[in-house]
Each structure stands twice: as C-alpha cells, then as structure tokens.
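Have a look at the model alongside them.

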Amino acid sequence: MSLLDAAAISRLQSEFRESMRTLLVGLCRDIERHYPELAARYNLPLEYFRLLADRLDHAAFANWKMVGWIEALNDLVYFLDLLAQIRRERDQRGFAEQLFAECEEKFFENSYLDELFPLGRAQARGLAGRLHGLCRRLALDITQQALFFEPRWVLQWLKRHGRRSWAVSGSLEASYERAEQAYTIPVGIDGSALTAPASVRSAIGRPSRRVTFVFKDHQIALHVRGRSFRVGTWEGAVMQWHWPRQKAVQTAAMPLTVGPTLHYGKKREPRALSATDAMQQVRIARAWQAIRRAWPEGHALLALLTARVIPLRASGVVSFSYRHRPGLSFVNCFDRDNLDLIDDLIHENSHHHLNLLLRKHALHHHDRNQQIFYSPWRRCLRPLRGILHATFTFTMGALLFARLSTWAETTQGKRQWREAGLGAQHLVRARFRCLEEIESVRYSLQDLEYARRQLKWLTGSGVRLINELKDAIGQTERQMSRYRKAVLASSFGSSLRRHVAGLRQARETYGPMPLNQV
C-alpha cells in the first residue's frame, strides 16, 4: 500500500469502524458473563451500551470520542479482571511488580500508572483499594459519557423498559484529554456541549463535586445539594435544551472542528481550557487551505484522518495526539508560526495514520520496549516503537516540505504562499527543514534495517512499511538535491552542517547496538 493511498486508508477506516463496534458488543458480553457482580457494584448499564452499538451510525465508530470511550471500557474490563484476581492472589508483591511493569509498557498515555502506584514504584500495600478506586472512576466516566451521546435514546430506552426514571452519578469536571471544559455537559460526539447557567454553577461550587443526572418521563435534570435544575426536555422528535448549547466550531473552509484552547502551567501540566480566539481559527483554516493547494495527496489523508484540532497554549510543549483518540490533534498555535502550524497539522495527522495501520498490522515484535535506538529528534535512546513513529511522521514531514518548496516556485504558488501568511524566509526554512528531516530519517532507517536483519524485530508488514519509507525519502532526497547548495549558503547552513555532524557523532557513540548488549 502506498503511503499516500487515500482510498486504501478509507477502506482501512471502514474495517476499523466495524472492529470497534464488534469490540463494544464483545466487551458487554464479557462483563456480563465473567464479572456480573462487579458490573452491578459499579452500576454499569450494559444493556444500554448494547443499544448504542446497534443504533450509532457506522461512521461514529472511528470518531475520536467514541473510540476513546470504547477503549476506556476495554481498559475497565482489564482492571475488573485484575480486581477479581487480586482477591485470591497469594503473592501480592509479585502481583504488584507485574502490574507495574505492564502499566509502564501498555498505558504510557494514560494516568493509570500514577493512580495505581502514586509513589512511582510497585507498592503492594493498598493496591486492591486503588484498583477499586480506578474501576469506580472509569465506570462513572464511561456511564456519564454514554448518557449524552444521544440523550433521546436514554428516554426512549426507559420508556420501552417500563422504567419511570434513571439516576446516574456524575460531575461537570473538565476533561483535558478530551478538551471538554468544566461546568459543561458534552453532547453528541463532535465536541458540542451544554454550558451550565450561573445558577447551576453557584449551586455546584467546585466542578469536581458529584451531581446526579436524572432521566424521567420526557425530561433530563441535574440534582445537586437538594436542588434540581432542568437540562432538557424531549418534545416530539426534538430535544429542547434549557442550557445554552455551544456547537462545535466549524468553518466553510474546512470540515474539521476547532475546540477550546488548552492552557499549560509553568510545570508543563494542563491547567485550564478557554474559548479559542477567532484569529487562531483563521490561522488553522489558512494552514488547512495551504496544504490542500500545495499537496493534494497529503491533504486527502488530512481530511480523512483529522477531525478536530485543539489549540495548545503551552510554552515548550510540542503538539501531540493520543493513540486512543484518532482524529483529535492538540496543536501548539502560540509558540509556532504559520509554517510550523502547517507542519504540525501534517505531523499529528501522520500519527493518526500510523496508529490506524498499527490497528490492522503488527509491525514489530520481540523488542520488549527496550530503549536502545538513538532518536535524532529527541536526542536520546528510544524503543523501536518510538523510532517507527518518528521515522514515519518525519518522512511525511519531509514530503510536505518538499511539496511546499516546489509549490512556491510557480506564479500561482507564489501568490498562494503569501495568502498562507508565509514569506521568503519561510521558503528557505522549509527547504532547510526538508533536508534536515531527510538526514534524520536516513539515520533511523539504518537502525530499522538493523532491527530487521540482525535483531529480527520487524514483521513482514513492518518490512514492507520500511521499504515504502525508504522509497519515499529517496525520491524526496533526489528532488531536494537542487536546493542543498543554496540552503548551505543561507543563514540555515551552519545549522544543517551541525545537524549532520551531530548524527555522525551519534552513530559513533550509539552504533547499531551489538546483539550481546540487547
């Protein structure tokens, strides 16, 4: 499969959607069969979850919010099994050590490790209680999210089963991972939300306070501290909301939505969400348009794989995304200029791209997450998984910069280059970045070849992907060779020379790792 084959990626997305729906049905069945007591203890509405699996549109099962929800339910099943095991486990210390290692390897994108082992080590004492707390938190969050994917279905479901009401514990706390603001109720799966009126905020106090959502007859209400507030009323076929509804921001220039801005504090930790400034929305739309004009093949993948952008205001923090949130990109719009914004959109989209491939294909095995390969980007040792991700995403970056370099040479391209908020210095930097990425990708491709031939860590699918990356970067290198002399003579020349020299030094220092040291 070609790296830029949008039709193949679309087919893969369709397979992924069906697999996620099948997973949801299977998880409900597993919980019912193996953990009925725990399901009752945590009030998991499995029958309603199955209704969602039946009723949700096929396209929803690749959505960033829905996939994250199903993945959370999958994680909950894993921890329910551990909770059942720990009750009969004799070697509590060994159990804790094994779980600590598994969390380090499997859940590096989640907070589970910190919740289960707050001291940063395999502490057995109190582990059962912490497991219970984690299961309870996951169950509450999963259930609350499910209620508001399509609230009408909850009311219909209650009526069909002859139930007058359903009360569910929840909160209006912010979710930084989903970029959902405090004092809101997210509705649907596109990022829309209901905003709590001032009277509700005053009654709740801190957003982490537990509230109760009550579904009764044709109404949804929020109960807190002895008071009741109407949230919505189902009238005929329409849900009438009594709270202001913020629809997901979308412009005519692009199909993706732009969410609230996520702010980080001095310790580089998320601390707040706020409405996104209109200027940042314009910049994102302009970057989207520039990619469409300069690189139609890359833009086709961007339109398929990126659904929502969260502007990131965080000094020193690079853009990022989550494996279990496909299509959701957190992009630093404040420390980065217009060329960087274009690059970051493609970079995070490339992570979504590779994560989709990894859902279908096992690309590596037997490496046990060992950090033995030098990363030219992070300048430290990384596991094979990290090198694969970096090589893939920065190859895509090199392709982008190569297309930007040639696009800006045509008469129409020059005009559109300026419309994208780019100048002459940006063009030189784009060519420098392309040459820089070619050098870095070449370095890591050598390590991946070593992992293939000597360590036997790449599967057949992994080998095919690496060969595609080699072909793509080789073609890009040939195209960019005519710019190399000019870049070396520019203000970026010394940086490129230092980069090449640094890679040579790294190769001498880190080598390929000898087999007896692996």
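**Notes on the model**

1. Pro 118 sits in the loop joining helix H6 (112–116) to helix H7 (127–147). Ignoring residues up to four places away in sequence, Pro 118 touches Leu 113 and Arg 130 (contact being heavy atoms within 4.5 Å). Its C-alpha lies 9.6 Å from that of Arg 130, twelve residues apart along the chain.

2. A word on the basis: this is a predicted model, with local features needing pLDDT of at least 70 and side-chain atom pairs counting only at pLDDT 80 or more, while totals for chains, interfaces and linings use all residues. Residues are numbered from 1 along each chain as its sequence is written, and side-chain values use heavy atoms, with hydrogens and water left out.

3. On to the cores (sets of buried Ala, Val, Leu, Ile, Met, Phe, Trp, Tyr and Cys residues joined through side-chain atoms within 4.5 Å). The largest nonpolar core has 158 residues, and Trp 69, Phe 79 and Leu 222 have the most contacts inside it. Beyond its neighbours within four places in sequence, Leu 222 is in contact with residues including Leu 172, Val 200, Phe 229 and Trp 243. There is also a second, separate core of 13 residues, with Leu 273, Leu 312, Ala 314 and Phe 330 among them.

Note on methods
Helices (H or I, at least four residues) and strands (E, at least two) are DSSP runs, numbered from the N terminus. Buried means under 20% relative accessible area, exposed over 50%, partly exposed in between (1.4 Å probe, protein chains only).
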